[in-house]
Amino acid sequence: MEKTYLQITSGRGPVECCRVVALVLEKILREAQKRKLRVEILEKETGPVNRTLLSVVVALEGAGCDVLADEWEGTVLWIARSPYRIHHRRKNWFVGVQTFLLSESREATEDDIRYETLRASGPGGQHVNKTESAVRAVHIPSGISVVASDQRSQWQNKKLATERLLVKLTAWNIEQAMIQAQTNWSNHNSLQRGNPVKIIQEELRF
């Protein structure tokens, strides 16, 4: 079964939005556990203060993973007073959740990717093996790169590196779109943020 990838992003919004990203991730992880889905956190960008996240990308796998992703895709509105700015009047904090499948990714062609082999190393600098089984995949137009050394087979690591690179490129493009959306929201306070897929009214607990 194909994995479903899900990105939660603050769009470089204020610290409160970064806290919401972390809390939304917690809710999704708990729900995935209830549904017996496999979850892997692929990318995580920490926020400006402890227990906040600018963005995070997770892979969901298992029967019904697409259903869970669809339930969260869109804008999430979290209503709460700011625990960081006590006298701040704003209570509405928005984050974006976007899902994607790698089979639908058009972020790179084979000609856009350069592969480099390197020797995988274990704890303490000890070599896992004497062959160059690790693979670095580089997206030539952007310079974005990832390394895969999880497997002993170079072919398997190449496949894994390609997957990780496509995820990273897709997530980066989603992030840029969300940053633009946050900018628009900041510049036009009266602009409607669309219809949130979820409205959560809870404290922004630490």
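## A strand pair to start from

Strands β2 (residues 38–46) and β3 (residues 53–61) run antiparallel and are joined by 8 bridges. Two strands count as paired if DSSP finds at least two bridges between them. Helices (H or I, at least four residues) and strands (E, at least two) are DSSP runs, numbered from the N terminus. Within this pair, Thr 46 stands opposite Leu 53 in β3.

The model is predicted: local features need pLDDT of at least 70, side-chain atom pairs count only at pLDDT 80 or more, and totals for chains, interfaces and linings use all residues. Residues are numbered from 1 along each chain as its sequence is written, and side-chain values use heavy atoms, with hydrogens and water left out.

## The chain as a whole

The protein chain has 3 helices and 9 strands. From the N terminus on, the order of elements is β-α-β-β-α-β-β-β-β-β-α-β.

Of the 206 residues in the protein chain, 41% are buried. Buried means under 20% relative accessible area, exposed means over 50%, and partly exposed lies in between (1.4 Å probe, protein chains only).

## The sheet of six strands

β2 and β3 belong to an open sheet of 6 strands with mixed pairing. The order is β2-β3-β1-β5-β4-β9. β2 and β9 (198–200) are the edge strands, and each pairs on one side only. From one strand to the next, the twist averages 20°. Such angles run from 0 to 180 degrees between N-to-C directions, and the axes are lines fitted to C-alpha atoms, for helices over the stretch in contact.

β3 also pairs with strand β1 (residues 4–9), in the antiparallel sense and over 6 bridges. There, Thr 4 stands opposite Leu 60 in β3. 8 of the 9 residues of β3 are buried, so this strand is largely enclosed by the rest of the structure. Further along the sheet, strand β4 (residues 74–79) and strand β5 (residues 92–100) pair in the antiparallel sense over 6 bridges. Here two tryptophans face each other: Trp 78 stands opposite Trp 93 in β5.

## The sheet of three strands

A second open sheet holds 3 strands in the order β6-β7-β8, with antiparallel pairing. β6 (113–118) and β8 (145–148) stand at its edges. Each has a single partner strand, so one side of each is left without a neighbour in the sheet. Neighbouring strands are turned by 20° against each other on average, direction ignored.

β6 and strand β7 (residues 134–139) pair in the antiparallel sense over 6 bridges. One of the facing pairs is Glu 116 with its bridge partner Arg 136 in β7.

## Helix α1

Helix α1 (residues 15–34) has 20 residues. It reaches 29 Å from its first C-alpha to its last, close to the 28 Å expected at 1.5 Å a residue. That expected span is 1.5 Å times one less than the number of residues. 14 of the 20 residues of α1 are buried, so the helix is largely enclosed by the rest of the structure.

## Two loop residues with positive phi

Most residues other than glycine have a negative phi. Lys 36 is not a glycine, yet its phi is positive, at about 60°. Lys 36 is found in the loop between α1 and β2. At 73% relative accessibility, Lys 36 counts as exposed.

Arg 51 is another such residue, with a positive phi near 65°. Arg 51 sits in the hairpin of β2 and β3, which has 6 residues between the strands. At 43% relative accessibility, Arg 51 counts as partly exposed.

## The largest pocket

The largest pocket has a volume of about 210 Å³. A pocket is an open set of points on a 1 Å grid over the protein atoms alone, where a 1.4 Å probe fits, with protein on both sides within 12 Å along at least five of seven lines; lining residues have an atom within 4 Å of a point. Grid points are joined across faces, edges and corners, and the volume is the space filled by probe spheres set on the points.

The largest pocket is lined by 13 residues, and the closest to its centre are Glu 43, Glu 45, Ser 55, Ala 171 and Trp 172. β2, β3 and α3 (154–187) each supply at least two residues of the lining. α3 gives the largest share, 5 residues. The lining divides into 4 nonpolar, 3 polar and 6 charged residues. Ala, Val, Leu, Ile, Met, Phe, Trp, Tyr, Cys and Pro count as nonpolar, Asp, Glu, Lys and Arg as charged, and the others, Gly among them, as polar.
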